[in-house]
Each structure stands twice: as structure tokens, then as C-alpha cells.
Amino acid sequence: MNNIMRIDASLQPVEQSSSKQLGDFLTTYLAPQELNHLDLAQSSIRPIDAEYLAAAFNPEPTSEQQEILRDSDSLIEQLKAADAVIITAPMYNFGVPANLKSFFDQVLRAGKTFRYTEQGPQGLVEDKPVFIILSSGGDYREGAAQAMNYLDGHLKTMLNFIGLKELYFIHAAGLAQGDADQIVQKAKDDILTVLPQLKREQHA
């Protein structure tokens, strides 16, 4: 994994963000030669609008439309070039943080990261390991609370849609309900469990 793209969605600084701290732990362990680190709390990814849609669906975009698509093109290029991807995100209001949704809105583009065929949609991004580190105040992974979890499934759907299916979910769940330090340590242990599994699958 020489080239890793990392996307952080938490609005909090790393000192106050369990997901970012776990992202740092994983990044240090993987020790990539090149790290493309996108902190969405500091970025200027714009939400899509009517102008963006007109540009994205124009087969021959004007020079002005090409400028509108510049950030999208760059993010897609970075995503395709990466050997692996790390996504860290908190659960905000049961779902995906708005800044992370804006990121996906920029990279899910017909003809660029997916296309429609007679057999259905086909992802155009070469599959690669994607580590998804999620934090939440409550635990919404099972039982009745699972019905309120619109984070895991939404991320899986968007990633699968563009061709990314080798997904590794790591959770720091229930941070507001239990011992946060123990929960974060359990997530670190889960990361160390996932990595040997990853190596076995890559050599299978």
C-alpha cells in the first residue's frame, strides 16, 4: 500500500475525535509511502447544485463547466490512484456527515466512476481495501437500535456502486454510554485483527 487516500469527516480536532484518532492509529500502522489526507472539516468541497449537475451531464462541458468539475475530477483521480482508502466518520443524526456526503456527491459520476449497462450499473473504480472507521455516541449495530443506523448501509451502498467492495468496517460505538477509552482500545484491537485478514485475502 504505497499510496493511501484518507478522508476524515469529523468536525472536531483530532484531540476530541475518536474516529480521527483511530485513523491516525491505522495510518501509522500501514506506514504508506504517500498519504493523500483530506480533512473535510478544513476542505472547501462544495455541495452539488444545478450548475454542477448541468456540467456533469454535459458530454462536452464548456470551459466554465470544466472549472466547475475541477474538484470532482481531482477527487476521482486521487481515489482511482490510491492503493487503499481510509474513511473516518462519526455518526451525525443517525447518518452520514454532510461534508462526507458532499465528497461522495463529487465522486459518484456517471461515466467516470460508474456506468449503466444492460446488466445494470457497473462500478468503474478498481477494487481496493477500504477501511471505514465509524464512531457513535450510541451503539446502533444490532437490536432495535439498528433500525436507526443510516450510516453503515449508506456508505456500503455508495462504495459498492462505484466498484469498491473490499470493505473493512471498524466501530467505536457507544462512546457516550460506556468507557470511551476501552471502546477506542477495542476498536484498535479490531484494526489489528483486520490487517492479517487483509493480507490473507490479498495472497489467496
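**Annotated site and nonpolar cores**

Tutor: In this predicted model, the unreviewed UniProt entry carries a "binding site" annotation that covers Ser10, Ser17, Ser18, Ser19, Met91, Tyr92, Asn93, Phe94, Ser135, Ser136, Gly137 and Gly138.

Student: Which residues from this set are in the lining of the largest cavity?

Tutor: Met91, Ser135, Ser136 and Gly138 are the ones from the annotated set that the lining of the largest cavity takes in.

Student: Where is the place of Ser18, and does Ser18 count as buried or exposed?

Tutor: Ser18 is in helix α1, which covers residues 18–30, and Ser18 counts as buried because its relative accessibility is 18%, where the cut-off for buried is under 20%. Leaving out residues up to four places away in sequence, Ser18 touches Ser135, Leu175 and Val184.

Student: And what does Ser136 touch, not counting residues up to four places away in sequence?

Tutor: Ser136, in strand β6 (residues 130–136), touches Met91, Ala172, Ala173, Gly174 and Leu175 on that basis. Ser136 is buried too, with a relative accessible area of 11%, and a polar atom of the Ser136 side chain lies 2.6 Å from the backbone oxygen of Gly138.

Student: Changing topic, how many residues has the largest nonpolar core?

Tutor: The largest nonpolar core has 32 residues, and Leu100, Phe103, Phe104 and Leu155 have the most contacts inside it. Helix α5 gives the most to this core, with four residues.

Student: What is Leu100 in contact with, leaving aside neighbours within four places in sequence?

Tutor: Leu100 is then in contact with Ile7, Ala9, Leu40, Ile87, Ala89 and Leu155.

Methods
Residues numbered from 1 in each chain as written. Predicted model: local features only at pLDDT ≥ 70, side-chain atom pairs only at ≥ 80, totals over all residues. Heavy atoms only, no water. UniProt positions renumbered as here; feature names shortened; annotations may be inferred. 1 Å grid on protein atoms, 1.4 Å probe; cavity = no way out; pocket = protein on both sides within 12 Å on 5 of 7 lines; lining within 4 Å. Helix = DSSP H or I, 4+ residues; strand = E, 2+ residues; numbered from the N terminus. Buried < 20%, exposed > 50% of the residue type's maximum accessible area, 1.4 Å probe, protein only. Contact = heavy atoms within 4.5 Å. Polar contact = N/O pair within 3.5 Å; in protein donor to acceptor, adjacent residues only side chain to side chain. Core = buried A, V, L, I, M, F, W, Y, C linked by side-chain atoms within 4.5 Å.
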